[in-house]
Amino acid sequence: QVQLVESGGGLVQAGGSLRLSCAASGSIFSIDAMGWHRQAPGKQRELVAVTTSSGTTTYADSVKGRFTISRDNAKNTVYLQMNSLKPEDTAVYYCAAEVVQPAYGKDYWGKGTLVTVSS
């Protein structure tokens, strides 16, 4: 069984910064992509940023230049540094990982961490 645990959410004023962390644990052979999605109240879940095992990163247009995704493969941990936060960044942020096992692959999700940006 694989678990993803997020941390680092909270309340911050507009223009401030937060750093989210997500650690994967359990029976893991390797992890391909790891990333962050978010879901604001009344909206669909959307991709924020993702990084692959080869180092390729992709960002949503709305966060480019403000958010940075990074990864520690030795710790199976992914980070999201969020700067210049805006009220519209308020959402529950979910970590996701494509876990590769010898015979199959499977996507896992964390339970989410709430980020609230006040104006």
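What follows is a conversation about the fold, the core and a handful of individual residues.

Visitor: Before anything else, what kind of model is this?
Guide: This is a predicted model, and the values that come up below are computed from it.

Visitor: How many helices and strands does the protein chain have?
Guide: The protein chain has 11 strands and zero helices, so that, read from the N terminus, its elements run β-β-β-β-β-β-β-β-β-β-β.

Visitor: What is its radius of gyration, and what would a compact globule have?
Guide: The radius of gyration of the protein chain is 14 Å, and because a compact globule with 119 residues would have a value near 14 Å, the two agree. Taken along the principal axes, the box filled by the C-alpha atoms is roughly 50 × 25 × 25 Å.

Visitor: And how much of the chain is buried?
Guide: Of the 119 residues, 39% count as buried. The accessible surface comes to about 6,400 Å², and carbon and sulfur atoms account for 49% of that area.

Visitor: Changing topic, how far apart are the mean positions of the positive and negative charges?
Guide: They are 4 Å apart, with 11 positive and 9 negative charges in the protein chain.

Visitor: Let's go inside. How many residues are in the largest nonpolar core?
Guide: The largest nonpolar core has 29 residues, and those with the most contacts inside it are W36, V48, F67, L80, M82 and Y93. Two or more residues are given to this core by each of β1 (2-7), β3 (18-26), β4, β5 (46-51), β7 (67-72), β8 (77-82), β9 (91-100) and β11 (113-118). The largest share, five residues, comes from β9.

Visitor: Why would such residues gather like that?
Guide: As a general matter, nonpolar side chains tend to be buried together in soluble globular proteins.

Visitor: Pick one of those core residues for me. What does V48 touch?
Guide: Not counting residues up to four places away in sequence, V48 touches W36, H37, R38, T58, Y59, A60, V63, F67, L80 and Y93.

Visitor: H37 is on that list, so is H37 buried or exposed?
Guide: H37, which lies in strand β4 (residues 30-39), is buried, because its relative accessible area is 18% and the cut-off for buried is under 20%. Leaving aside neighbours within four places in sequence, H37 is in contact with R45, E46, L47, V48, V92, Y93, Y94, A96 and W109.

Visitor: What else is in β4?
Guide: A33 is also found in strand β4, and A33 is buried, with a relative accessible area of 10%. Beyond its neighbours within four places in sequence, A33 is in contact with V50, T51, T52, R71, A96, A97 and E98.

Visitor: Where does A97 sit, then?
Guide: A97 lies in strand β9 and is buried, with a relative accessible area of 2%. Apart from neighbours within four places in sequence, the contacts of A97 are L4, I31, A33, M34, K106, D107 and Y108. From A97 to Q81 the separation is 16 residues in sequence and 18 Å in space, C-alpha to C-alpha.

Visitor: Last topic: which residues have a positive phi without being glycine?
Guide: N76 is one of them, with a phi of about 50°, and S84, whose phi is near 50°, is another. N76 lies in the loop between β7 and β8, whereas S84 has its place in the loop between β8 and β9.

Visitor: How exposed are those two?
Guide: N76 is partly exposed, with a relative accessible area of 23%, and S84 is partly exposed as well, with a relative accessible area of 40%.

Conventions. Residues are numbered from 1 along each chain as its sequence is written. This is a predicted model: local features need pLDDT of at least 70, side-chain atom pairs count only at pLDDT 80 or more; totals for chains, interfaces and linings use all residues. Side-chain values use heavy atoms; hydrogens and water are left out. Helices (H or I, at least four residues) and strands (E, at least two) are DSSP runs, numbered from the N terminus. The radius of gyration is taken over C-alpha atoms; the globule rule is 2.2 Å times the number of residues to the power 0.38. Buried means under 20% relative accessible area, exposed over 50%, partly exposed in between (1.4 Å probe, protein chains only). Accessible areas come from the Shrake-Rupley method with a 1.4 Å probe; for residues, only the protein chains shown count as cover. Lys and Arg count as positive and Asp and Glu as negative; His and the chain ends are not counted. The place of a charge is taken as NZ of Lys, CZ of Arg, CG of Asp or CD of Glu. Contact means heavy atoms within 4.5 Å. A nonpolar core is a set of buried Ala, Val, Leu, Ile, Met, Phe, Trp, Tyr and Cys residues joined through side-chain atoms within 4.5 Å.
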